[in-house]
Amino acid sequence: MPSALPPSARITALDVLDVRFPTSEHLDGSDAMNPEPDYSAAYVVLRTDAGDGLEGHALAFTTGRGNDAQAAAIATLAPHVIGRPVEEICADLGQFARSLVHDPQLRWLGPEKGAIHMATGAVVNAAWDLAAKRAGLPVWRFLADMTPEELVAQIDFRWLSDALTPDEALHILRKAEPGRPERIAHLLEHGYPAYTTTPGWLGYTDEKLTRLAREAVADGFTQIKLKVGASLDDDVRRMRTARTAVGPDIRIAVDANQRWDVQPAIDWMHALAPYDPYWIEEPTSPDDILGHATIRTALTPIKVATGEHVANRVVFKQLLQARAVDIVQIDSARVGGVNENLAILLLAAKFDIPVCPHAGGVGLCEMVQHLSMFDYIAVSTTTENRVIEYVDHLHEHFTDPVRITNGHYLPPTAPGLSAQMHPETLKEYLYPDGPVWTARV
């Protein structure tokens with residue numbers, strides 16, 4: 001049951017902290033477009049005067065200097081949030097999200113794309129964290145306990161109705177209602193399947209790739225992922241090395257991080273095809289729907305996956321309408337928060353396309369696991385050919401870090417979105433004045 005709130009409880013502050021981790025030192029997270037990333041979080045705290053320490057926490061992910069723009073964008077939303085009643089927000093998270101997205105002056109910066117939309121997503125996610133904490137539930141369970149009608153009310157169907165109507169969404173959710181308790185029990189016992197990108201960062205040596213790939217298989221992962229796109233000769237060698245390390249039965253996905261034009265993507269993947277890549281992720285610009293469709297047609301049976309940098313539900317809609325992707329990759333910190341990701345999950349269900357989230361970044365594993373677990377319980381009802389990305393970096397900085405056993409995410413049990421960082425982390429890694437950064441000057 002929700003905890004009692006003083007009738008006058010309101011949001012008193014929207015704090016934004018610039019938190020950066022020097023992952024570039026060991027090339028963790030390196031890929032063809034981000035050779036030396038510093039995993040970073042424009043970190044949001046919704047503070048209240050509820051008197052019980054109730055706060056909402058979330059973040060927008062960048063790879064370093066992107067925090068300059070992202071933190072500034074989040075700060076512009078403060079006047080829209082401060083002073084609002086906590087009860088009003090928690091009672092209607094759909095309306096709260098729409099009130100931010102539909103601001104006519106902020107919409108001029110999008111609409112619904114870029115830094116301002118990611119900022120909205122961070123604030124919306126913080127509101128979900130706050131509401132779920134108030135209810136005493138992890139977000140995945142908070143969502144799974146909602147009725148189909150309540151879930152549909154969270155979604156903005158504008159620009160979607162030619163592909164998904166509210167009635168169709170309601171039908172999908174009602175069809176999935178039977179068996180919810182059994183799926184919750186199965187999830188609690190077995191967890192949700194994961195794959196790992198930990199072996200595959202582009203800056204790693206072949207020896208490190210081999211060692212980490214073998215460790216991943218020993219740890220129960222049945223899929224790994226390699227970053228590609230900088231050098232064809234290097235990629236052929238690395239793909240051969242990985243295949244030798246893991247054997248024929250482990251799936252190897254590859255990720256170009258938008259590096260290629262359409263024809264180079266096709267040619268490059270044909271060169272890697274002898275090593276049986278499972279999917280190619282972000283082969284070209286995430287805005288190029290027709291380019292993805294051309295690549296998919298040319299590369300079958302290699303699957304095409306994208307979504308990490310897709311700006312909003314409209315582009316996802318078009319990718320699905322054009323049959324341009326085999327795998328939808330949502331990201332918990334890219335679109336407009338939980339509400340818009342609910343729309344994308346339902347679109348994927350309508351088109352019968354598996355959702356395999358992107359989670360290669362600080363806090364992304366923690367947050368997106370909730371969405372996949374909800375999808376299994378209340379939308380798709382299956383984990384077949386569905387996996388959540390896992391990277392073994394920076395989880396120790398969170399109060400409710402992900403738990404991985406035998407290649408599966410174990411469901412979070414703590415209330416909220418699992419995005420809250422330890423106070424010590426926020427002090428140590430605050431940019432540019434935290435001790436970790438001042439020591440580097």
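Modeller: The second largest cavity has a volume of about 70 Å³. Keep in mind that this is a predicted model.

Colleague: Why is it called a cavity and not a pocket?

Modeller: A 1.4 Å probe fits inside a cavity but cannot get out, whereas a pocket is open. The space of about 70 Å³ is listed as a cavity, so the probe cannot get out of it.

Colleague: What makes Thr 120 a lining residue of the second largest cavity?

Modeller: A lining residue has an atom within 4 Å of a cavity point. Thr 120 is in the lining, and so are Leu 100, Asp 103 and Ile 116, among others. Therefore Thr 120 has an atom within 4 Å of a point.

Colleague: Which helix gives the most to that lining?

Modeller: H6 does, with three residues. H4, H5 (104–107) and H6 (114–135) each supply at least two.

Colleague: What about the largest cavity?

Modeller: About 120 Å³ of space lies in it. H4 (93–101) and H16 (338–350) each supply at least two lining residues. H4 gives the most, with three.

Colleague: What makes Arg 313 a charged member of that lining?

Modeller: Arg counts as charged, and Arg 313 lines the largest cavity, so Arg 313 is a charged lining residue. This lining has five charged residues, with four polar and three nonpolar.

Methods:
Residues are numbered from 1 along each chain as its sequence is written. This is a predicted model: local features need pLDDT of at least 70, side-chain atom pairs count only at pLDDT 80 or more; totals for chains, interfaces and linings use all residues. Side-chain values use heavy atoms; hydrogens and water are left out. On a 1 Å grid over the protein atoms alone, a cavity is a set of points where a 1.4 Å probe fits but cannot get out, and a pocket is an open set with protein on both sides within 12 Å along at least five of seven lines; lining residues have an atom within 4 Å of a point. Grid points are joined across faces, edges and corners, and a volume is the space filled by probe spheres set on the points. Helices (H or I, at least four residues) and strands (E, at least two) are DSSP runs, numbered from the N terminus.
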